[in-house]
Amino acid sequence: MKTAPPPHIHILKSRTEICTEAEVARLVHTFYAAAREDAMLGPVFGREVQDWDEHLATLVDFWSGLLRGTMRYHGKPLAQHAQMEHLTPCMFRRWLTLFFATTESLGNPALQEKADAIALRIAERLWKSFAESHLPGQPA
Ligand code: HEM
């Protein structure tokens, strides 16, 4: 008699397979195309990013790790954003608005829900760490 696999197998499967690698690449490329065109964020990326191919490849690894558990990203985004000049809470809100619009446009609700929640959590952490190094003594 065939027995069903234990329930945790389904949990693990759905955890690693909410989206494909191609969807991760689409998310990253669509989002950064919009960010580069954006009046508020475009100049920041224009100033900071020297090599777009490398940046996009890094970000695909980052999001693939978070959404698909591929563990390919080993960078230090907190330190990197803390070093940037002139970031504001408004820019983080704009970043999130563009990101949420991008995830919605992909038509994969599981990806959308997970990616949005992660982005929000990380944006809050990045802002706190930026504010601690640039605005010491002020509430973040
Ligand atoms: C105001 C909002 C943000 C701005 C203006 C911004 C801008 C940038 C810039 C200019 C870089 C550097 C690229 C380079 O040197 O090649 C970068 C790297 C990166 N950003 Fe952001 N970012 C923002 C928010 C976020 C958020 C919310 C996340 C995550 C959810 C994120 C994830 C990353 C990662 C993973 C890297 C790569 C770091 C590495 O090279 O290891 N960023 N960002």
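How many nonpolar, polar and charged residues does the shell around the ligand have? It has 15 nonpolar, five polar and one charged, where Ala, Val, Leu, Ile, Met, Phe, Trp, Tyr, Cys and Pro count as nonpolar, Asp, Glu, Lys and Arg as charged, and the others, Gly among them, as polar.

A quick word on ground rules. This is a predicted model, so local features need pLDDT of at least 70 and side-chain atom pairs count only at pLDDT 80 or more, while totals for chains, interfaces and linings use all residues. Residues are numbered from 1 along each chain as its sequence is written.

**Overall fold**

The protein has seven helices and zero strands; helices (H or I, at least four residues) and strands (E, at least two) are DSSP runs, numbered from the N terminus. Of its 140 residues, 13% count as buried, meaning that 20 or more other C-beta atoms lie within 10 Å of the residue's own; 12 or fewer makes a residue exposed, anything in between partly exposed, and C-beta atoms are placed from the backbone.

**Around the ligand**

The ligand is surrounded by 21 residues, and the closest are E48, G75, M91, W95 and A123; to be near, a residue needs its C-beta atom, placed from the backbone, within 6 Å. Helices α3 (42-48), α4 (52-68), α5 (77-83), α6 (89-105) and α7 (109-134) each give two or more residues to that shell.

| Helix | Residues | End-to-end C-alpha span | Expected span |
|---|---|---|---|
| α7 | 26 residues | 37 Å | 38 Å |

In α4, the buried residues are L59, V60, W63, S64 and L67. They sit on the same side of α4 because they cover an arc of only 140° around the axis, taken from the directions from the helix axis to the C-beta atoms. Their cover includes α2 and α7.

Over in α7, L111, A115 and F130 are buried. The buried residues of α7 pack against α2 (21-37), α4, α5 and α6.

**After α4**

G69 follows α4 with a positive phi, near 70°, and belongs to the loop between α4 and α5. Why does G69 count as partly exposed? Because G69 has 13 C-beta neighbours inside 10 Å. E17 is 52 residues away from G69 in sequence, yet their C-alpha atoms are 9.0 Å apart in space.

Definitions and conventions:
Expected span 1.5 Å × (residues − 1). Contact = placed C-beta atoms within 7 Å.
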